[in-house]
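Here is a short briefing on side-chain interactions, to be read with the model open beside it.

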Amino acid sequence: MKNYHGILERKPKAKAVTGLILIKRLAFVEKRAGVKDSKENQLCNNGDGQTTPYVDARYKSYENYINSMYLVAGKATEKPVEEAEKLYTELNLIKNYHADTPSGNPEEVSRANRLAAEKARQNEERVAEIVKRLAEIRSFVSSVDEMLIHHIEAAGDLFGVHVSNYWRGILKASGRGEVNVEPLVIAKHYGGRKQYEDSRNDFYKKMENAISLGGGNYEE
């Protein structure tokens with residue numbers, strides 16, 4: 001089975017993030033590419049700044065990489081989240097269970113009360129088991145989300161370094177004041193990421209509700 005959890009633990013690679021082929025003296029090559037593109041009039045006005053096809057290509061590669069990391073995080077937590085959903089449903093069924101009021105002769109009522117007490121004891125034990133397991137799943141999912149955030153931040157830093165190398169070449173070949181100190185990159189909206197975040201928020205709310213149903217806050 002693919003170790004999705006481990007993918008997020010590893011540092012992002014420049015080739016995967018930017019689409020660049022790693023070579024020696026890459027910073028020098030990137031800066032030289034910026035000089036070349038500036039001399040060949042590759043600069044395009046983009047709202048309040050400038051960009052180039054080179055920057056756009058690097059950004060597209062970066063965004064594709066981030067999308068893939070959201071998918072990795074989803075795969076890493078897919079089975080635990082499915083288990084949590086089932087346990088959450090079971091917990092609600094237990095909490096909503098109400099034994100029928102016994103009737104009949106005293107012996108039958110006594111027997112029914114003993115059975116009800118045993119059922120209540122079993123339910124209490126099961127609730128404790130469910131809440132403990134849900135707390136464990138919540139902790140695991142939270143750790144994956146934290147790794148995803150850190151991984152995305154690291155990828156963004158890596159993207160910034162390589163684009164900055166290139167943009168120094170743009171600035172070097174351009175006249176003073178002609179170009180902004182950094183390219184303008186317009187972030188796009190991705191429905192898949194919003195759906196992931198909404199699903200996560202719903203998951204954490206359910207987990208908090210489940211722990212509350214179980215009798216309070218549970219910590220491992």
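A residue is called buried under 20% relative accessible area, exposed over 50% and partly exposed in between, using a 1.4 Å probe and protein chains only. By that scale Asp-202 is partly exposed, at 38%. This is a predicted model, in which local features need pLDDT of at least 70 and side-chain atom pairs count only at pLDDT 80 or more, while totals for chains, interfaces and linings use all residues. Residues are numbered from 1 along each chain as its sequence is written, and side-chain values use heavy atoms, leaving out hydrogens and water.

**Salt bridges**

- A salt bridge here is a side-chain nitrogen of Lys or Arg within 4 Å of a carboxyl oxygen of Asp or Glu, and the count comes to 14.
- Helices (H or I, at least four residues) and strands (E, at least two) are DSSP runs, numbered from the N terminus.
- Glu-85 pairs with Lys-206, with 3.0 Å between the closest N and O atoms. This bridge links distant parts of the chain, as Glu-85 lies in helix H4 (residues 53–95) and Lys-206 in helix H6 (residues 191–213), 121 residues apart.
- Glu-208 bridges to Arg-138, the closest N and O atoms being 2.4 Å apart. Here too distant parts of the chain are linked, with Glu-208 in helix H6 and Arg-138 in helix H5 (residues 106–173), 70 residues apart.
- Glu-208 is partly exposed at 39%, whereas Arg-138 counts as buried at 16%.
- Salt bridges also join Glu-83, Arg-133 and Glu-136 into a network.

**A buried charge**

- Is Asp-37 buried or exposed, and which side chain of opposite charge is nearest? Asp-37 is buried yet has no salt bridge, and the nearest such side chain, Lys-36, is 4.6 Å away.
- Asp-37 belongs to helix H3 (residues 26–39). Setting aside neighbours within four places in sequence, its contacts (heavy atoms within 4.5 Å) are Gln-42, Tyr-54, Tyr-166 and Ile-170.

**Aromatic rings**

- Rings of Phe, Tyr and Trp (its six-membered ring) pair if their centres lie within 6.5 Å; planes under 30 degrees apart count as stacked, over 60 as edge-to-face and the rest as tilted.
- A search of the whole structure turns up seven aromatic pairs. One of them joins Phe-203 and Tyr-204, whose ring centres are 5.4 Å apart with planes at 70°, so the pair is edge-to-face.
- Phe-203 is buried at 3%, while Tyr-204 is partly exposed at 23%.
- Tyr-54, Tyr-166 and Trp-167 make up one aromatic cluster.

**Charges over rings**

- A charge sits over a ring if NZ of Lys or CZ of Arg is within 6 Å of the ring centre and within 35 degrees of the ring normal.
- Arg-58 places its charged end over the ring of Tyr-54, 4.8 Å from the ring centre.
- The charged end of Arg-193 sits over the ring of Tyr-190, 4.3 Å from its centre.

Key:
Lys, Arg positive; Asp, Glu negative; His and termini not counted.
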